Structures are given as structure tokens and as C-alpha cells.
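Please look over the sequence and the structure before reading on.

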Amino acid sequence: MSKLQPVRGTHDLLPGDSRAHRHVMDLARSTAALYGYEEMSTPIFEFTEVFKRTLGDVSDIVTKEMYTFQDKGGEWITLRPENTAGVARALISGGLSQNLPLKYFYGGPMFRYERPQKGRLRQFHQIGAELLGVAEALGDVEIIALGAHILKTLGVADQVKLELNTLGDSESRADYRASLVKYLSGHLNDLSAESRDRLERNPLRILDSKNEGDRRIVAGAPKLAEYLNPSSREFFQNVCAGLDALGIAYELNPHLVRGLDYYCHSAFEFTTEALGAQGAVLAGGRYDGLVETMGGPPTPGVGWAAGIERLAMLVGEVDNKANMIAVVPVGADMEAEAFAVTQELRAAGLCADLAFRGNMSKRLKRANRAGAVCAVLLGGDEAARGNVTLRDLGTGDQQEVARDGLLDHLKRYS
RNA sequence: GCGGGUGUAGCUCAGCUGGUUAGAGCACCUGAUUGUGGUUCAGGGGGUCGGGGGUUCAAGUCCCCUCACUCGCCCCA
């Protein structure tokens, strides 16, 4: 490799990848629109404080994964590692909370300074949806239904399963956390080094540890479900009932948690086995405390984000290219006419291409390689009769047609 | 940030225990084909063997460092 290489964990999206990304983005956007979620974008960088406040000083994202730098004015700036914080900031700084509830869809690049792996990059792309100002369980149901709908539209529904859990409200959660820490502290010496570390900053995460010793300890730990107060229990029952009513299948996973304090009630992940260690494809939850944490008015919220690269890998090859028509002048004297015809086709909304050089044979070869479906051959003989030759590049059949009626003959290729 | 694997042409790879001018398939270019692509045939271009250092008479091959990719951990989309 020469020195000219992309920065670690970044990739060029050449047309094949770009097409796949656009496919995911377009289908997701139009599906979201069916639910009334409109696209919005926030800047790809924010003041570092925006993420520190929302993600907490101790989360991994803040402590080791943020791309942070000082700009020329001395401000601390961070490339967004996720977009919920940006949306919440926009809600506050734009005074949007006057118009609740709000439904937003977004998509774009995110940045995390991580060790790259399959399906995990330093610059990656996410789509996401946020529902703000709805405290009802029906909001959770809708946001999950939207995610499921998009996965189905993309044709990857059979490769994923929905895992669901509840964290309860802040009261239930705080009670549980306290008793979990108490229990785990009694097994301090048997916990893995990572989990001992987590015990301080993110104890709920220990429930999801992959370490076998940890799992044995966790098996005897108090259960979150037993600490749910009546209203939290009812909320979760309503979410489940709503999903049942819509026929959305899910699996309860009591170990599915979110570390940060403003998360509550539903936590969910659509996961796959197809992407190695990166199982989560579309994940989210309820974050009623977030906006307030940032200094805004108390505003309930629920949402999810999904990795476009991961979705694109599940989707596989995408062929959404327009059918191309190659215009081929037979001799140099027909080039001007060929360009005129090409422009006519383009003006009529057809995808047309005129090679920049080469004889007829070369141009046809090029057209074939580019995947053109048909070629318009412009030769002096036909021109004298007011005609052009139409060659179907799939079948090889060709016919001479009137120059004036060309567009009619080409309509079937559009 | 931690541990394992890999790195030879645009792509997929071969290259035996170190030993001449580093190979193949596909792709690309030219010609057969100055009015016909996809098939065929003939020819051609393309490599500082990821980069740097070391051992040796001799390194693609052995050693060290480094970079990138990859698998897992952490964490997450």
C-alpha cells in the first residue's frame, strides 16, 4: 500500500456500494413517511458538550470513541457518534417543543474512533427515527412497528429477530440498580476484570456479559422484572399487547439493557446472526429523561437507529440502475447528430449515453459493457431515408425506424 | 484500547526446505473487424512481492518494527 490510503476505518462508496446505501436510505425514508416521520438533518458536528451531557462522562462512546478536536476559535467540537443527541439539541435550540408530538426521520454519516471490524467502521452511516412528546406505550409500539416495516420492505425480515426488554421507569430502575450492585459486590472477586470495572459505571451491562463466570453469577442475581413498580409493569404490558395486536413477533431478553440513566421502559434490538460479532442491526429504546438532561423541558421520547452498512450487507446486491440506451454514430460525420439525439432522449427522461470516442465496434462494445439495453445506430444510409437503426442488445434484433418516431419506439426501455 | 490471522498485477490466488529476468485465471488495451457488441482467435500493457530496517554470497520466502485488512474481546448501528 502506498501512503495514499483512506484513513483507517473509512471507505469510499463506489457506485455499487453507493447504490446499496441509496436503496436502504430511499426505502427507509419513504416507509417512514407512511408513518408521518419527515426527514430532518442536524449538523455532523456539535459542541462536544452536547454529547458529553447526553451520553454521560463514563460511557465508552465519550471516554474512547469520540472524534473530538478544537476549532480555530478554540471551541471543542465533536463529530457526531450518533444522532439522537443532535435531534434533542435541535428540539431545544429551535424551540420545537411547542409543536409536540414530533416525528423525525434522519440519515447520514456518524463517527466513532473504534477498532474497525466487519460491519463496524470509523465513519459509518445510520438511519434513525425519533418520536418526541409521546409518553404512551403506543409510541413505543409505533416506533418498533416502523423499524419492523422498514426491515420487511428491505427484504431482510427473515434474517433478523426482535429482542425486547423493559428497564422500567426511573424509580424501578434505580431500585433495581441498587440491589443489583449490592448482589454483585458480594461476588466481586469472582467477576471478570471488565465486569468489576462495569460495576461502577454501568452495572446493568454486566447482565449481558459474555464471560462464563459472570454468567453464572448473573444467573443468581435479582431479576429486573421483580423490581418493576405497577405503572412500569402496566406500561410494558401495553407495549407487548400492542405488538401482539400488530402481529409483530418478539423475544423477551431480560439481559438487553441500556447503560445510561435517561433510558427507561422499552429497550429493543433487531439482531442478526449473519454479521459476525456485530449482531445489532436496528436498535433503540425510550429516553424520557434525555431532553431534560440537556436542559430542555421534560419531554418523553422513543426512537431507534440502524446501521446502513449492516443493512446493506444483509440486503446484498442491489440493481436499481436505469435502463441505458447507447447512441452510436456509425461514422465521424454523424457525431453531431448523435449528440443531438442523445440530448433528445435525455430531455425525454430516458437514460442515454454517447461514447466520447471510438469506431462503431468499440462503442458497441463499450455500450454492452456498460449494460446498455439497446443501441440507436446512426448511419448515413438510414439518415438519407430519414431513419435510424434500433438494435436490442439483449436479443441482437435490429430494425430501421423513422427518426421522427424514435422516442415512441424507445418508450418500452424507460 | 487488548489478543489471533492475513498482506504477491485492478480482482481471485500459485510461488516447494531462501537460489537466475516473479507466474496463472479473470479484467484491461490492440488487432482479426474503416457499418455491428456479447462468442472466438492472435498479440500487448500492468508488480518498488503493503512500507521500513536487519540476517545472508543471495530474501516474495527468515527476524524485528510499522501500516492496512480480517476474526474475536470491549462497546455498539
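## The second largest pocket

Helix H1 gives the largest share of the lining of the second largest pocket, 5 residues. Helices (H or I, at least four residues) and strands (E, at least two) are DSSP runs, numbered from the N terminus. Helix H1 (15-34), strand S6 (123-132) and helix H11 (308-315) each supply at least two residues of this lining. The pocket holds about 440 Å³ of space. Its lining has 19 residues, and those closest to the pocket centre are Leu 13, Asp 17, His 21, Glu 309 and Ala 312. By class, the lining has 6 nonpolar, 8 polar and 5 charged residues. Here Ala, Val, Leu, Ile, Met, Phe, Trp, Tyr, Cys and Pro count as nonpolar, Asp, Glu, Lys and Arg as charged, and the others, Gly among them, as polar.

On a 1 Å grid over the protein atoms alone, a pocket is an open set of points with protein on both sides within 12 Å along at least five of seven lines, whereas a cavity is a set where a 1.4 Å probe fits but cannot get out; lining residues have an atom within 4 Å of a point. Grid points are joined across faces, edges and corners, and a volume is the space filled by probe spheres set on the points.

## How the model is described

This is a predicted model, in which local features need pLDDT of at least 70 and side-chain atom pairs count only at pLDDT 80 or more, while totals for chains, interfaces and linings use all residues. Residues are numbered from 1 along each chain as its sequence is written, chains are lettered from A and ligands numbered from 1 in the order in which they are written, and side-chain values use heavy atoms, with hydrogens and water left out.

## The cavity

There is 1 cavity of 30 Å³ or more. The largest cavity holds about 50 Å³ of space. Strand S12 (324-329), strand S13 (351-354) and helix H13 (360-369) each give two or more residues to its lining, with the largest share, 4 residues, coming from S12. This lining has 8 nonpolar, no polar and 3 charged residues.

## Cysteines

The structure holds 0 disulfides (pairs of cysteine sulfur atoms within 2.5 Å). For Cys 240, the nearest cysteine sulfur, that of Cys 264, is 15 Å away. Cys 240 is buried, at 11% relative accessible area, whereas Cys 351 is partly exposed at 30%. Buried means under 20% relative accessible area, exposed over 50%, and partly exposed in between (1.4 Å probe, protein chains only).
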